[in-house]
Amino acid sequence: QVQLVESGGGLVQAGGSLRLACAASGRTFSYYAMGWFRQAPGKEREFVARISNSGGTTNYTDSVKGRFTISRDNAKNTVYLQMNSLKPEDTAVYYCAAAWWSTPFNYRYWGQGTQVTVSS
């Protein structure tokens, strides 16, 4: 069982930056691939970024490439999402999720989310 708690959301002006963090419980964090997803009002949840359990592989959705960076610190059981050059369309609730390393796209555990609001 893994519990995930996101933090770092807030209100920022367009062009600004935020860094989200997702803290995981348990001793097996390094065995989990981690992902960030987001859901805007009235829209379906969408994939934002993912990182392999070792941190050696990352993937991003096209709309955030070059602006967002996912990273992890396995010693701190934490995954981060650095968001730069934020746009109003990035406004959403952001969720982190964990997937066992052997099934890296099967996200079994989810956090409760943190709100990001970007004003124009």
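## Starting in the sheet

Arg 19 stands opposite Gln 82 in strand S8. Strands here are DSSP runs (E, at least two residues), numbered from the N terminus. What joins S3 to S8? Six bridges do, and the two strands run antiparallel. Two strands count as paired if DSSP finds at least two bridges between them.

A quick word on where this comes from: this is a predicted model, in which local features need pLDDT of at least 70 and side-chain atom pairs count only at pLDDT 80 or more, while totals for chains, interfaces and linings use all residues. Residues are numbered from 1 along each chain as its sequence is written, and side-chain values use heavy atoms, with hydrogens and water left out.

## The whole sheet

Zooming out, S3 and S8 belong to an open sheet of four strands in the order S1-S3-S8-S7, with antiparallel pairing. At the edges sit S1 (4-7) and S7 (68-73), each pairing on one side only. Neighbouring strands are turned by 15 degrees against each other on average, direction ignored; the angle is taken between N-to-C directions, on a scale from 0 to 180 degrees, using axes that are lines fitted to C-alpha atoms.

On the S1 side, S1 pairs with S3 (residues 18-24) in the antiparallel sense over four bridges. Along this pairing, Leu 4 stands opposite Ala 24, and Ser 7 stands opposite Ala 21.

Is S3 mostly enclosed or open? Five of its seven residues are buried, so S3 is largely enclosed by the rest of the structure. Buried means under 20% relative accessible area, with exposed over 50% and partly exposed in between (1.4 Å probe, protein chains only).

The rule for a disulfide is a pair of cysteine sulfur atoms within 2.5 Å, and the count comes to one. This pair links distant parts of the chain, since Cys 96 lies in S9 (residues 92-100), 74 residues apart from Cys 22. Both cysteines are buried. The torsion about their S-S bond is about 50 degrees, so the disulfide is right-handed.

## The nonpolar core

The largest nonpolar core has 29 residues. Such a core is a set of buried Ala, Val, Leu, Ile, Met, Phe, Trp, Tyr and Cys residues joined through side-chain atoms within 4.5 Å. Those with the most contacts inside it include Leu 4, Trp 36 and Met 83. S3, S7, S8 and S9 are among the strands that each supply at least two residues.

Met 83, leaving aside neighbours within four places in sequence, is in contact (heavy atoms within 4.5 Å) with residues including Leu 18, Leu 20, Phe 68 and Tyr 94.
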